[in-house]
Structures are given as C-alpha cells and as structure tokens.
Amino acid sequence: MVNDFGESMLFLAIDGGGTKTEAVVADRGGRCLGRAVFGGSNPNFVGFEAAAHAVAAAVRSALEAASASPGRIAKAACCIPGMKKHREELSRLLEDELGLASVLYDSDMDSTLFGALGAKEGIAVLAGTGSFAMGVNEHGDIFVVGGWGPIIGDPGSGYAVSASALRAAALAHEGRGPNTLISDKLKRHYGVTDIAQLKSVISADNTGSLTYLVREAACEGDGVAKKLIFEAGEQLAELAQAVIKRLDMDDARYKVVLTGGMTVFGDPLLSAFTASLRRECPSITIGTPFGPPSAGALMLAYRAAGVPWSDDLLGSLKMTFL
C-alpha cells in the first residue's frame with residue numbers, strides 16, 4: 001500500500017490499560033505534538049463508563065495539546081484490552097462523538113510488542129496490571145501466552161502481586177504464614193484497624209494497585225515482599241520461555257524485552273527474570289524497551305496508513321518517548 005496522506009496529516013495513538021490511558025498525536029515523521037494521560041480504560045477493571053470517559057478525555061486533551069482538529073488525523077490506532085465486547089460503543093465514541101475519520105482497532109498485545117521492540121521481530125513480555133508474552137519470528141509466526149485476565153490469572157502482573165500481598169497478610173493474621181510489613185501497610189491503605197476487616201472492603205476494582213506497598217516493604221527489608229517480587233520475575237520469565245520455545249527463537253539475533261508498570265521494581269524483578277530466563281534460554285538477547293505501548297500503537301497507525309517504519313521514523317519515535 002502506498003501512503004497517500006500529505007505531510008501535514010497527523011497520527012493518533014490510543015493506548016489503554018487497567019490503571020492509565022494515554023493518547024499521543026504525532027506527525028508523519030514520528031515527532032510528538034501532543035500527549036495526554038488519564039485513568040484506566042480496561043473495562044474489565046474499571047467498567048465501560050469510566051473507560052470511555054478516560055479515552056475521551058485523553059484524546060481531547062492530546063488533540064488540544066497538538067492544536068489539532070480530529071479531521072487532521074489520517075489514522076488513529078486504538079489498542080485497549082477488554083474492549084472487544086464494547087467495540088460498537090467504542091466506535092460511536094471515537095468516530096461519531098469525537099470525529100475521528102479512520103480508526104484501527106487493534107490488540108494491545110500488538111502495540112505492546114512493537115512498542116517494546118521498535119522492530120518487526122522479537123519477544124515482548126508485558127508486566128502491567130495484567131501480563132502476557134508475545135513473539136514474532138523471522139517467518140512471521142506469532143505466539144502469545146498469558147493475558148487471561150484477573151480471574152484465570154495473569155502471572156507476574158501487578159494484579160497478581162497485589163492479590164498475593166493480600167493473601168500473605170491474611171496468612172500472617174491467621175498464623176499460617178510469616179509476619180510481614182505488608183500487613184500494616186494494607187491497613188493504612190484501606191483505612192482499617194484489623195486485617196480481618198479487609199474481607200468487607202476489598203473488591204476487584206480496588207486491589208490492582210497495591211504493588212507500591214510491596215515495593216515499600218521490600219525496600220524496608222521485608223522478606224515476604226522480596227519473595228513476591230522474586231516470584232513475579234520468575235513467572236514472567238516462564239511466559240517468555242514458552243514463546244521462545246514454541247517459535248524456536250533462542251538465538252542472539254532475537255531480542256526479548258520486559259516492559260510495563262511492574263518494571264518499577266527495578267533490579268530485583270529484572271534479576272529474577274533474567275536468571276530464570278537464562279537457565280532455559282541461554283542464547284537470546286535480553287534488551288531494554290524501545291518505548292511504551294503507545295509508541296507501538298503509533299507504529300500500527302503508520303503501518304495501516306502505508307507509512308514505512310524507516311530508521312528515521314523509529315529514531316524520532318524513540319526520542320518522543322524518552
């Protein structure tokens with residue numbers, strides 16, 4: 001496909017998740033003109049009404065920051081997990097209410113993969129509110145593991161670590177597990193005086209953002225918190241290993257990247273991830289992320305419009321998201 005959009009046309013990325021929504025407006029050369037971040041837009045975590053509000057607010061703010069009207073957007077790429085069953089409502093919002101003429105509705109897995117790699121081949125492991133690993137080899141074969149959601153389980157994710165922190169506090173309270181600093185931090189977080197009171201205050205929509213408590217406890221030397229981070233790293237490595245083995249990608253020319261909000265745990269998580277991955281896959285290159293999923297969403301928008309992923313375009317995108 002040959003791109004027929006003028007140099008003045010713009011591109012829009014809409015990336016969503018359980019805790020935040022980001023919209024980015026960029027020109028044809030990959031230069032960011034406007035960017036906005038609002039609350040979560042995965043309806044499985046926040047409900048569709050709140051998700052739609054976050055998407056609309058992010059898009060309007062990004063367009064305003066870019067001093068651009070919706071009519072200047074040559075192609076928008078919307079990559080939000082959990083939106084498949086709300087596709088019709090989302091389309092009405094973006095196309096009818098917000099006035100975007102051409103919207104690509106793509107998988108958040110694709111935006112995460114290409115955003116993390118900045119390339120057509122490799123493996124990305126997302127560790128955010130949810131988790132999954134996705135790979136593409138030189139033959140174009142694709143394989144995905146994880147991404148099952150909070151009920152079936154997203155190993156190594158923020159939601160999983162938060163749930164594990166709650167279980168650890170419950171076990172400590174009952175004398176079935178070691179004491180942990182996480183317990184007092186949870187009581188302060190939820191405004192309760194006894195761990196048993198958590199039974200009446202926790203719900204699916206207020207348990208996905210407790211990772212900061214685990215991080216605090218680990219920094220203060222808490223053994224339980226350190227173990228939770230270590231286990232998360234190993235679980236994320238297992239996701240990567242499954243993709244590498246299925247696609248026969250244990251080769252130095254392929255790169256695997258760990259990305260997402262869980263990377264705020266820094267070296268403890270990355271070290272566990274790296275050590276576990278190396279035991280099973282000694283040859284693959286372990287790299288750092290090219291950019292966030294919003295960069296990948298922009299790449300998808302460019303590709304859908306026939307704009308090639310040139311070195312100059314990717315270089316500008318990388319500068320945009322530094």
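How many bridges join β1 to β2, and do the two strands run parallel or antiparallel? Let me start there, everyone. 7 bridges join β1 to β2, and the two run antiparallel. Strands pair here if DSSP finds at least two bridges between them.

A quick word on what we are looking at. This is a predicted model, where local features need pLDDT of at least 70, side-chain atom pairs count only at pLDDT 80 or more, and totals for chains, interfaces and linings use all residues. Residues are numbered from 1 along each chain as its sequence is written, and side-chain values use heavy atoms, with hydrogens and water left out. Helices (H or I, at least four residues) and strands (E, at least two) are DSSP runs, numbered from the N terminus.

Back to β1. A hairpin of 4 residues connects β1 to β2, and D15 stands opposite E22 in β2. β1 also has β4 as a partner: 6 bridges join these two, and they run parallel. In that pairing, A13 stands opposite A77 of β4. How many of the 7 residues of β1 are buried? The count is 7 of 7. Buried means under 20% relative accessible area, exposed over 50%, and partly exposed in between, with a 1.4 Å probe and protein chains only. L10, L12, I14 and G16 point one way from the strand, while F11, A13 and D15 point the other way.

Now F11 leads us to the aromatic rings. Searching the whole structure gives 3 aromatic pairs. Rings of Phe, Tyr and Trp (its six-membered ring) pair if their centres lie within 6.5 Å; planes under 30 degrees apart count as stacked, over 60 as edge-to-face and the rest as tilted. One of the pairs is F11 with Y302: the centres are 4.7 Å apart and the planes sit at 50°, so this one is tilted. F11 is in strand β1 and Y302 in helix α12 (residues 293–304), so to speak a link between distant parts of the chain, 291 residues apart. Both residues, F11 and Y302, are buried.

Another pair is F45 with Y159, tilted because the centres are 5.6 Å apart and the planes are at 55°. F45 belongs to helix α1 and Y159 to helix α6 (residues 158–174), so this pair ties together parts 114 residues apart in sequence. Both F45 and Y159 are buried.

Where is T129? The answer is the loop between β6 and β7 (131–136). T129 counts as buried because its relative accessibility is 13%. Leaving out residues up to four places away in sequence, T129 touches G18, T19, F45, S157, G158 and Y159; contact means heavy atoms within 4.5 Å.

Let's move to helix α2. This helix has 18 residues and reaches 25 Å from its first C-alpha to its last, close to the 26 Å expected at 1.5 Å a residue. That expected span is 1.5 Å times one less than the number of residues. Among the buried residues of α2 are F48, A51, V55, V59 and L63. The buried residues of α2 pack against β1 (10–16), β2 (21–27), β3 (32–38), α1 (43–46), β4 and α3 (87–97).

After α2 comes S67, with a positive phi near 55°. Most residues other than glycine have a negative phi. S67 sits in the loop between α2 (48–65) and β4 (73–79), and counts as exposed because its relative accessibility is 66%. D248 also has a positive phi, about 55°, although it is not a glycine. D248 lies in the loop between α10 (223–247) and β9 (255–259), and with 67% relative accessibility D248 counts as exposed.

Last topic: the cores. A nonpolar core is a set of buried Ala, Val, Leu, Ile, Met, Phe, Trp, Tyr and Cys residues joined through side-chain atoms within 4.5 Å. Which members of the largest one, with its 45 residues, touch the most other members? They are I182, L186, V214 and F273. The largest share of this core, 12 residues, is supplied by α10. Setting aside neighbours within four places in sequence, F273 is in contact with V125, G233, L236, A237, A240, V256 and L258. Apart from this core lies another, of 33 residues, and F11 is among them, along with F114, F132 and F290.
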